[in-house]
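Please find below my notes on this model. They are set out as numbered points, to be read beside the coordinates.

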Amino acid sequence: GFASRPDNIKDLIKNVGGAPVVIKLLEGTQGIGVVLADTAKAAEAIIEAFMGLKANILVQEFVKEAGGADIRCLVIGGKVVAAMKRQGAEGEFRSNLHR
């Protein structure tokens, strides 16, 4: 879920499946501004803090089973033409290469 000023933060969290959630600053790079909120209360507090900074955010489901990995795909014309798996460091939920 994308938000710049959500009318109802609880609904935003609920719309992505509830806590735990990953909250990302849209302007962030290299894993900076990416936060894991384990509970709905923690997510609400983090979102409120980012909103206080007038930040645009992305709230997404946390997939624990991914083990800090993701797969990035380049799609052209509806077909995957390249892909890479990114794996975070031991104990890290972010799969960002810079982290």
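1. Basis. This is a predicted model, in which local features need pLDDT of at least 70 and side-chain atom pairs count only at pLDDT 80 or more, while totals for chains, interfaces and linings use all residues. Residues are numbered from 1 along each chain as its sequence is written, and side-chain values use heavy atoms, with hydrogens and water left out.

2. The sheet. Four strands form an open sheet in the order β1-β4-β2-β3, with antiparallel pairing. The edges are taken by β1 and β3 (34-37), each of which has a single partner strand, so one side of each lacks a neighbour in the sheet. Strands are DSSP runs of E with at least two residues, helices are runs of H or I with at least four, and both are numbered from the N terminus. Two strands pair if DSSP finds at least two bridges between them.

3. The β2-β4 pair. Five bridges join strand β2 (residues 21-25) to strand β4 (residues 57-61) in the antiparallel sense. The bridge partner of I23 is V59 in β4. Helix α2 (residues 40-52) packs on the sheet and touches β1, β2, β3 and β4, and its direction makes about 10° with that of β2. Contact means heavy atoms within 4.5 Å; axes are lines fitted to C-alpha atoms, for helices over the stretch in contact, and angles run from 0 to 180 degrees between N-to-C directions.

4. F2. This residue is in strand β1 (residues 2-3). F2 counts as exposed because its relative accessibility is 63%; the classes are buried under 20%, exposed over 50% and partly exposed in between (1.4 Å probe, protein chains only). Neighbours within four places in sequence aside, F2 is in contact with L26, I57 and L58.

5. I9. Helix α1 (residues 9-15) contains I9, which is buried at 16% relative accessibility. Not counting residues up to four places away in sequence, I9 touches E44, I47 and E48.

6. Salt bridges. Two are counted, a salt bridge being a side-chain nitrogen of Lys or Arg within 4 Å of a carboxyl oxygen of Asp or Glu. D70 meets R86 at 3.0 Å, N to O; R86 lies in strand β6 (residues 79-87) and D70 in strand β5 (residues 69-76), 16 residues apart. D70 also meets R72 at 3.4 Å, N to O. R86 is buried at 11% relative accessible area, whereas R72 is partly exposed at 43%.
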